[in-house]
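Take a look at the sequence and the model, and then we will walk through some of the details together.

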Amino acid sequence: MRFLIALILILPFTIPATVSASPDLIEGVSTHYAQLHPGLESYRVKLKTNKINEMLDRMTSSMPNDMPRPDAPELMKFWDRKGGTVVRSVNVTAFPYMNQMINRFSQRFAIDLGALFMPAAKADERADLLSAAVVKSTEAEIADKKINHIEIRFKQPTDLSAAFYGTSLDLPQRKINKLTLDIDPVKMILIHMEIEAEEEKPLIVEIRHLDITGNSMPREIIITSPDGSIDERIVTTFKKIDGYHLPVKQERKIRRPGVDEILLVDFSNYELKRN
């Protein structure tokens, strides 16, 4: 009886929203994330990780014992509002495979929090995908908080080409059947996402934010599968530096079939450039 009463109370707050409102809401989220750190044009910061020596040993394991090994590179992360994020070595190296390793770092550690979800540079691709899909939207009010639930069902398995989430996260991009988004329309942030792909396990993504006046930025991302075989968490620790809340530590715990590891990244000595 209590469950029935609660359901009756909740149902009136769940109302269908117009389909045409969904793209505008999604692009509102994109705009919010793109405008993180207003007034900041670029920065560079030193990067240290617990995985660099392990990766270096793996890449030099086939070298003759009498051949000198390269020193561990000193890494720097570069972020630019227009150009995105890359990781580079500040050391000059004559070892070609060192550059390969650094490129891998760029993919795993150069996480741009403002481009993880609904990247602004992919607005046109996103619009094309939405126009070719069946989009349904409902609005609910739960615990005095409005949530817009958007269901995007593709008519055939579709490649997203990073239009809804970036490649820094280990999420499927190809042959997607269905995508669901839960959006906070007041803060204009994505709080929940579900992905159904043709050839991969369904995934659930939870996004928790650091709330700052005028801005909310992703601070914890949890990726799980319903069967429990996938459990990945990315937690970012922020510190206020010259008026901006910037990452000083990221911890990435990955548990997937065949993979069980923890990646730690520390950031220090920020150099900022304002507009």
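## A pair across two strands

Which residue in E3 stands opposite arginine 44? The residue opposite arginine 44 is phenylalanine 78 in E3. Strand E3 covers residues 75-80, and six bridges join E2 to E3, the two running antiparallel. Two strands pair if DSSP finds at least two bridges between them. Strand E4 (residues 84-89) also pairs with E3 in the antiparallel sense, over six bridges. Here methionine 76 has arginine 88 in E4 as its bridge partner. A hairpin of three residues leads from E3 to E4.

## How to read this model

This is a predicted model, in which local features need pLDDT of at least 70 and side-chain atom pairs count only at pLDDT 80 or more, while totals for chains, interfaces and linings use all residues. Residues are numbered from 1 along each chain as its sequence is written, and side-chain values use heavy atoms, with hydrogens and water left out.

## The chain as a whole

The protein chain has five helices and 13 strands. Helices (H or I, at least four residues) and strands (E, at least two) are DSSP runs, numbered from the N terminus. Of its 275 residues, 43% count as buried. Buried means under 20% relative accessible area, exposed means over 50%, and partly exposed lies in between (1.4 Å probe, protein chains only).

The chain exposes about 15100 Å², and carbon and sulfur atoms supply 53% of that area. Accessible areas come from the Shrake-Rupley method with a 1.4 Å probe; for residues, only the protein chains shown count as cover. Turning to contacts (heavy atoms within 4.5 Å), residues 24 or more positions apart account for 55% of those with a separation of 6 or more.

## Nonpolar cores

In soluble globular proteins, nonpolar side chains tend to be buried together. A nonpolar core is a set of buried Ala, Val, Leu, Ile, Met, Phe, Trp, Tyr and Cys residues joined through side-chain atoms within 4.5 Å. The largest one here has 43 residues, and those touching the most other members are Phe117, Ile152, Phe164, Tyr165, Leu179, Leu190 and Met193. Strand E8 (residues 189-197) gives the most to this core, with six residues. A second, separate core has 15 residues, including Trp79, Val87, Ile241 and Phe267.

Not counting residues up to four places away in sequence, leucine 190 touches several residues, among them Val29, Tyr33, Phe117, Ile207 and His209.

## Salt bridges

Side chains of opposite charge can pair when their charged atoms come close. A salt bridge is a side-chain nitrogen of Lys or Arg within 4 Å of a carboxyl oxygen of Asp or Glu. The whole structure holds 16 salt bridges. In one of them, the side chains of glutamate 27 and arginine 126 meet at 2.7 Å, N to O. Glutamate 27 sits in helix H2 (residues 21-34) and arginine 126 in helix H5 (residues 123-131), so the pair ties together parts that are 99 residues apart in sequence. Glutamate 27 is partly exposed at 25% relative accessibility, whereas arginine 126 is buried, with a relative accessible area of 0%.

Lysine 178 and glutamate 151 form another salt bridge, with their closest N and O atoms 3.5 Å apart. Lysine 178 belongs to strand E7 (residues 176-184) and glutamate 151 to strand E6 (residues 145-158), so this pair ties together parts that are 27 residues apart in sequence. Are lysine 178 and glutamate 151 buried or exposed? Both residues are buried. Elsewhere, salt bridges that share partners join Asp170, Glu232, Arg252 and Arg256 into one network.

## A closer look at aspartate 211

Aspartate 211 is found in strand E9 (residues 203-212). With a relative accessible area of 47%, aspartate 211 is partly exposed. Leaving aside neighbours within four places in sequence, aspartate 211 is in contact with Lys187 and Ser216.

Both partners also make polar contacts with aspartate 211: the side chain of lysine 187 at 2.9 Å, and the side chain of serine 216 at 2.8 Å. A polar contact is a pair of N or O atoms within 3.5 Å; within protein, one must be able to donate a hydrogen and the other to accept it, and residues adjacent in sequence count only if both atoms are side-chain atoms. From C-alpha to C-alpha, aspartate 211 and lysine 187 are 9.3 Å apart in space, and they are 24 residues apart in sequence.
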